[in-house]
Amino acid sequence: MNELEYDERRLQDFVAGRARGFSRRDLLLLSAAAGVGALVPGAEARAASPIVKPLPPELLRPLGTNAETRWSSLKDVGYYVPIDRFFVRNHTSTPVIDAATWNLSVFGSGLRGGPVSFTLDELKRLPDVTIPAAVECAGNGRGYFTSQQGQTVSGTAWTLGAVGVARWRGVRLSTVLRRAGLSRHAVDVQPVGLDPTFVSGGVDLGPVRRPFPVEKALDDVILAYEMNGQDLPADHGFPVRVIVPGWVGIASIKWLGSIEVSATPLFSPWSTQFYRLFGSEYPVDGVPINEQVVKSAFELDAGAVFEAGRRTVLTGRSWSAHGPIRKVEVSTDGGATWKRARFYGATPGHVWQRWELDWKPAAGAHELRARATDVHGNTQPDVTVHNTLGYLFDAVVKVPVSAA
Ligand SMILES: Nc1nc2c(c(=O)[nH]1)N[C@H]1C(S)=C(S)[C@@H](COP(=O)(O)O)O[C@H]1N2
Ligand SMILES: [Mo]
C-alpha cells in the first residue's frame, strides 16, 4: 500500500468513526496530504503588504495579515459597510488574479460526470441574484476573552470589527452545481481558495478550504462577483468568492479556484483543527461551528470622550444569524440600569439592526453595554464559555467611555 492509499484508508476510517488512536495531528497531516493540488496559474503571491487596499487609521486597524473595521467609522454610513472600511481577514496575503485567464473548476465524486469549468463571463451569463449578507469572522470579539474574562485564547485579538454587511451580487451555487451535473449522492461541497497555501506549526496545510453540506449549498449560498455594486475588490476575493449567509466567515472562501463536490464527507484542517470549539467545557474532539451568534456593538471606539452635561445620541448595531433582532437594551452605568434602544433605518434581509439611544452623560467615567435579543429569544450572556481558539464570543461587551 503506498502512502496515498494509506492516507485514503485512514480518511475513510475517520469518516466511518473507526479511527481510534487517530490524533488531531495525524488528521492535520492527512488533510494536508489529501486532496490539495498545486496553485492554479493566474494566482501569484504579493511580496509587500498582505492587504492591497489602503488602511487609513480612522477606518481600519491592522492586525497582522488582517485589518478590523473601527466601529466609530460606521456611524452615519448606512446599512452597508463601504468597501474602504470593510474588515479583511487573510490567512496569508491577497493574491493578484487575472480575471481573463481565471476559471472555476467543479469536480468530484458528487458529480454525475467529469470536471466542469466556468469562465468569469460564463458565470456572469447565468441568472444572477443580489443579496444582503454579513461576513463575520468566527473569532470576532476574541480579544474580550482575555480583556474581559481574563482567559487565554490563541488567534487574532479582534475587538468587534471583524464583521461587515454588504450587498453581494452573483450566481446561486445551486445553479452552478446543477449545470455541473450534481448527483443525488453528493453530500459535501468544498470551495478552495487561490491564495498562497497556509503554513501552521511548520506544516503546509495547503490552500484555504472548508467543506459544507450540500443542503446548505443548495439553500442560500452564492458565488459573488460584485460587492456593493462594484467588481469584487482584490482583498475581498476578486474575481469570485463564496458567500455563505449566517455562517462563520471561513465558509465564505475568497479567490475561489475550484469546488469539490463529494459523495463522501469531506474534511480539511479548517473543519478539523480550526473552527471547532476546544477546551475544558467541550468534548476532546471539539465541536464544529457553523452558524454565527448574537452580538452588539456601539458605533464608537473604547475610550471615547463626550461633552459632560450635553445630550448626545449613542448609536450601534446588533445582529443574529438566526433571525431579526427583537430588542436591544443599553446600559450607560455598567449594567445597573437598562433602557430599550430605538430601532431606526431599513433592514434589508434583517442581517443587522441599527439602533440609537439619547444620553446626557455626567462628567466622569462611564461604562456602556448593549445586549440584543433576536425573535427566537437568542440573547447575549454576561460571559461566553471559554474555548481555546476564542471563537463565537457573544457576551455583552463592556465599553469604557468618559465625559468631560
Ligand atoms: N481563500 C481564502 N478565503 C478566505 C480566507 C482566506 O484567508 N483565504 N479567510 C476567511 C475568513 S477566516 C474570513 S473571516 C473571511 C473574511 O472575508 P473578508 O476578508 O472579505 O472580510 O474570508 C474567509 N475566506
Ligand atoms: Mo475568519
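**Pro239 loop**

I started at Pro239, which sits in the loop between β12 (230–231) and β13 (241–243). This is a predicted model, so I looked at the backbone geometry with that in mind. I checked omega for the bond joining Phe238 and Pro239: about 5 degrees, a cis peptide bond.

**Asp76**

Asp76 has phi near 65 degrees, which is positive although the residue is not glycine. I found Asp76 in a loop too, the one between β2 (66–69) and β3 (103–107).

**Ligand 1**

Then I went to the ligand. Where does ligand 1 sit? I found ligand 1 in the largest cavity. There are 20 residues around ligand 1, and the ones that come nearest are Phe87, Asp195, His236, Arg241 and Lys254. I sorted the shell by residue class and got 10 nonpolar, six polar and four charged.

I listed some polar contacts of ligand 1:

- Phe87 uses a backbone N or O atom, 2.7 Å from an oxygen atom of ligand 1.
- His236 uses a polar side-chain atom, 2.8 Å from an oxygen atom of ligand 1.
- Ser252 has a polar backbone atom 3.1 Å from a nitrogen atom of ligand 1.

How much of the accessible area of ligand 1 does the protein cover? On its own ligand 1 has 530 Å², and the protein covers 100% of that.

**Sheet with β3 and β4**

I traced an open sheet of five strands here, in the order β4-β3-β14-β7-β10, and noted mixed pairing. Its edge strands are β4 (116–119) and β10 (212–213), each of which pairs on one side only. I zoomed in on β3 and β4: they pair in the antiparallel sense, over four bridges. In that pair, Val106 stands opposite Val116 of β4.

**Sheet with β20 and β24**

I also followed an open sheet with the order β18-β25-β24-β20-β21, five strands with mixed pairing. At its edges I have β18 (305–306) and β21 (339–340), each pairing on one side only. What is the sense of the pairing between β20 and β24? I read it as antiparallel, with six bridges between β20 (residues 325–331) and β24 (residues 364–374). For a residue-level example I took Ser331, whose bridge partner in β24 is Arg369.

Terms used: Residues numbered from 1 in each chain as written. Chains lettered and ligands numbered in written order. Predicted model: local features only at pLDDT ≥ 70, side-chain atom pairs only at ≥ 80, totals over all residues. Heavy atoms only, no water. Near = heavy atom within 4 Å. Polar contact = N/O pair within 3.5 Å; in protein donor to acceptor, adjacent residues only side chain to side chain. Areas by Shrake-Rupley, 256 points an atom, 1.4 Å probe, with all protein chains shown as cover. 1 Å grid on protein atoms, 1.4 Å probe; cavity = no way out; pocket = protein on both sides within 12 Å on 5 of 7 lines; lining within 4 Å. Sits in = over half its atoms within 2 Å of the grid points. Nonpolar A, V, L, I, M, F, W, Y, C, P; charged D, E, K, R; others polar. Pairing = 2+ DSSP bridges. Helix = DSSP H or I, 4+ residues; strand = E, 2+ residues; numbered from the N terminus.
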